[in-house]
Amino acid sequence: MTEDTTARWRGWRTAAEEALYGPEGFYRRPEGPAGHFRTSVHASTLFAGAVARLLCRVDESLDRPPELGFVDLAAGRGELVTGVLAALPAEVTARVRAYAVEIADRPVGLDPRVEWLPEPPKGITGLLFANEWLDNVPVEVAEVDSTGVPRLVLVRQDGAERLGEPVAGAEAAWLARWWPLAPEEGLRAEIGLPRDTAWASAVACVDRGLAIAVDYTHTRGTRPPFGTLTGFREGRETAPVPDGSCDLTAHVALDACAEAGALPGARLLTQRAALRALGVTGARPPLTLASTDPTAYVRALAGAGEAAELTATGGLGDFGWLVQSVGIPDPLDEP
């Protein structure tokens, strides 16, 4: 008799790994992530422009090396790396070696200068930039049972859940350190240990330069009581069902990831603060420009609106930036 795989009970980490990255997984679908949700990269070309300016600052700190690496980690269909290459000064572009890291096949028509890889390269001198990557690194989910014990949550392919074994070992230690659960039935947490490991591995790929992770985040003092696991399909939030039909995402404990990197100089800031440090402010153009150059005024007004979306309170501006310098000063430090 053939096993009914849809009836299997598995931990969320295994179920999500298959649903997102398996042979029929969500991230292998032809429409790509942009067909289902909108990131800062899709919101405005101002974001790629800001990352390009950041890469130029890294370049200066590295004394303009003959080869300057730029790694777009979780590249989608190459939107960010394409935008960054277009925004760089010609002198910098001539020295850039650009990589897009993604499990899906290389998109048709992608700039031939971009190397398409399934894993980040080693020995990078430059900038590794991971935009909305860690939230899609699958993790286990824990829930407190009626006796006050945190247990692993098991899930079927149709999204039905039940409780499994008590959380133990390194996962229990992570919960105790980063997301302690009160003994109250129904409280939930996502166990971020795989994300810590993934981030530490990504940082280790940078010999000199900067590594940045940008994501939905929370910190130890503001963990949500029932977790954040959710799904997205065709631009709408939906129930998280691990069948490959939707994105599966959960906010990231970037404070834990920062410590896991095991290097000095890691810090957290909001996207709002980071982009403002890179010149994206959302300030409206002066009204006098409307009379002297109406076309430029309309263009500047549109740019201000896009910048406002990227830095908005309660929206994209609240995203966390985990900034890890490797052998250079932090280029986002205020002058």
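## Ground rules

The model is predicted, so local features need pLDDT of at least 70 and side-chain atom pairs count only at pLDDT 80 or more, while totals for chains, interfaces and linings use all residues. Residues are numbered from 1 along each chain as its sequence is written, and side-chain values use heavy atoms, with hydrogens and water left out.

## Overall build

The protein has 335 residues. Its secondary structure comes to 11 helices and 15 strands. Both are DSSP runs, numbered from the N terminus: helices are H or I with at least four residues, and strands are E with at least two.

How much of the protein is buried? The share is 51% of the residues. Buried means under 20% relative accessible area, exposed means over 50%, and partly exposed lies in between (1.4 Å probe, protein chains only). The accessible surface comes to about 15,100 Å². Carbon and sulfur atoms hold 54% of that surface. These areas come from the Shrake-Rupley method with a 1.4 Å probe; for residues, only the protein chains shown count as cover.

Contacts (heavy atoms within 4.5 Å) can also be sorted by sequence distance. Take those between residues at least 6 apart in sequence: 72% of them join residues at least 24 apart.

Two strands pair if DSSP finds at least two bridges between them.

Look next at strand 10 (residues 206-215) and strand 15. They run antiparallel and are joined by 7 bridges. Ala-211 stands opposite Gln-324 in strand 15.

## Helices across the sheet

## Salt bridges

How many salt bridges does a search of the whole structure find? It finds 16. A salt bridge is a side-chain nitrogen of Lys or Arg within 4 Å of a carboxyl oxygen of Asp or Glu.

One of them joins Glu-115 and Arg-97, at 2.5 Å from N to O. The pair links distant parts of the chain, 18 residues apart: Glu-115 is in strand 4 (residues 114-117) and Arg-97 in strand 3 (residues 96-101). Glu-115 is partly exposed at 26%. Arg-97 is partly exposed too, at 35%. Another bridge joins Asp-145 and Arg-151, at 2.7 Å. Here Asp-145 is buried at 9%, whereas Arg-151 is partly exposed at 25%.

Asp-318 and Arg-272 form a bridge as well, with the closest N and O atoms 3.1 Å apart. Asp-318 sits in the loop between helix 11 (294-310) and strand 15 (320-326), and Arg-272 sits in helix 9 (residues 271-277), 46 residues apart. Asp-318 is partly exposed at 34%, but Arg-272 is buried at 16%. Finally, salt bridges that share partners join Arg-8, Arg-10 and Glu-18 into one network.
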